[in-house]
Amino acid sequence: MVATVTRPHPTAKTYWLVAAFLAAVTAVEIAISYLEFLGPAKGVLLVTLGGVKFFTVVAVFMHLRYDVRGYRMLFLFGIVGTLIVFAAVLAAMQAF
Amino acid sequence: MAVATDDVFEEHDFESTADPIHRTRKTAMWIWLGSEVFFFGAMISTFLLYRNTTNDGPGAEIFNVPFTSASSFILLTSSLTMVLADSAFQRRDQRQGRIWLIGTVGLGLTFLAGQIFEFTEFVEQGLTLSTSPFGSAFYMLTGFHGAHVAAGVLMLSLLIAFSLRGRLSPDHGMNVELTALYWHFVDIVWIVIFTVVYLLQI
């Protein structure tokens, strides 16, 4: 059974700040996507920044940072499972 | 039970969190969202496998990244309005909650209009569902995401209607929270699609 202990949720001010942060990261992502001289580093940077945005929304807007740990585990199970399936598909298609 | 308000945290209705029925519904929602990660993960994997299989038809070069970037900002902003709506309903401020919900619906509809415009442009440039594996994978992935946004807009519209009829009492606050979870999920899927399908391909 999922435990019921939670932390209080953030205020509206925090939500606005997080939204501004997400918008800024998106702007940086778009700028990076046009910088050809970055080479392979471009992909790494874009995936990293996309990951930062992804987990920021999940943690703050979806309240996973403040809710019970069980919910976190359920969602992580989906993400880890997907990565395993993705790796298996790529291996099966000999994409490595 | 409510907790003390300070500069960082706000008053939050913890009774709903402790209620077994609400807890079960929220757990079910997270299980379903976890399964949705698999669903979109499979679609994104398929796109990555076929991203270069264009059969001499149009490929990623036809993407209009500035336009899609604007769409991304719109969807990100809708996550803000959604969380503010959820927060207002948690405070039992129905009027404020409704205003933010209407804003979220408006932004969701704008995103969908942008997607329809984008699809129309791509079809005119020769990229259809059957042009190539690239086209099939692209339209299936972004189309299913669009369908999820449309379903979210429908759910939000129902919440607004319930609220106007007085059928969204504080006891039903969980409905807003669960819809908010769904809406944010749609947003994070788009974050991945925007990065993998658009930005990494140009």
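**Exercise 1. Which residues touch the most other members of the largest nonpolar core, and which elements build it?**

*Solution.* Start with the centre: among the 60 residues of the largest nonpolar core, B:Ala85, B:Val189 and B:Ile193 touch the most other members. Such a core is a set of buried Ala, Val, Leu, Ile, Met, Phe, Trp, Tyr and Cys residues joined through C-beta atoms within 7 Å. Buried means that 20 or more other C-beta atoms lie within 10 Å of the residue's own; exposed means 12 or fewer, partly exposed is in between, and C-beta atoms are placed from the backbone.

Next, the elements giving two or more residues to this core are helices 1, 2 and 3 (69–92) of chain A, along with helix 2 (20–50), helix 3 (65–90), helix 4 (94–124), helix 5 (133–164) and helix 6 (173–198) of chain B. Helices here are DSSP runs of H or I with at least four residues, strands are runs of E with at least two, and both are numbered from the N terminus. Helix 6 of chain B gives the most, 17 residues.

A word on the model: it is predicted, so local features need pLDDT of at least 70 and side-chain atom pairs count only at pLDDT 80 or more, while totals for chains, interfaces and linings use all residues. Residues are numbered from 1 along each chain as its sequence is written, and chains are lettered from A and ligands numbered from 1 in the order in which they are written.

**Exercise 2. How many residues of chain B are in contact with chain A, and which helix of chain B gives the most?**

*Solution.* Count first: 42 residues of chain B are in contact with 41 residues of chain A, contact meaning C-beta atoms, placed from the backbone, within 7 Å. Then look at the elements on chain B's side: helix 1 (14–18), helix 2, helix 3 and helix 6 each give two or more residues. Helix 2 of chain B gives the most, with 13.

**Exercise 3. Where do the buried residues of helix 1 of chain A lie?**

*Solution.* List them: A:Tyr15, A:Ala19, A:Leu22, A:Thr26, A:Glu29, A:Ile30 and A:Ser33 are buried. Viewed down the helix axis, they fall within an arc of 95°, so they line one face of helix 1; the arc is that of the directions from the axis to the C-beta atoms. Now turn to the face away from this buried side: it carries the exposed residues A:Lys13, A:Ala20, A:Ala24, A:Ala27 and A:Ala31.

Terms used: Two residues are in contact if their C-beta atoms, placed from the backbone, lie within 7 Å.
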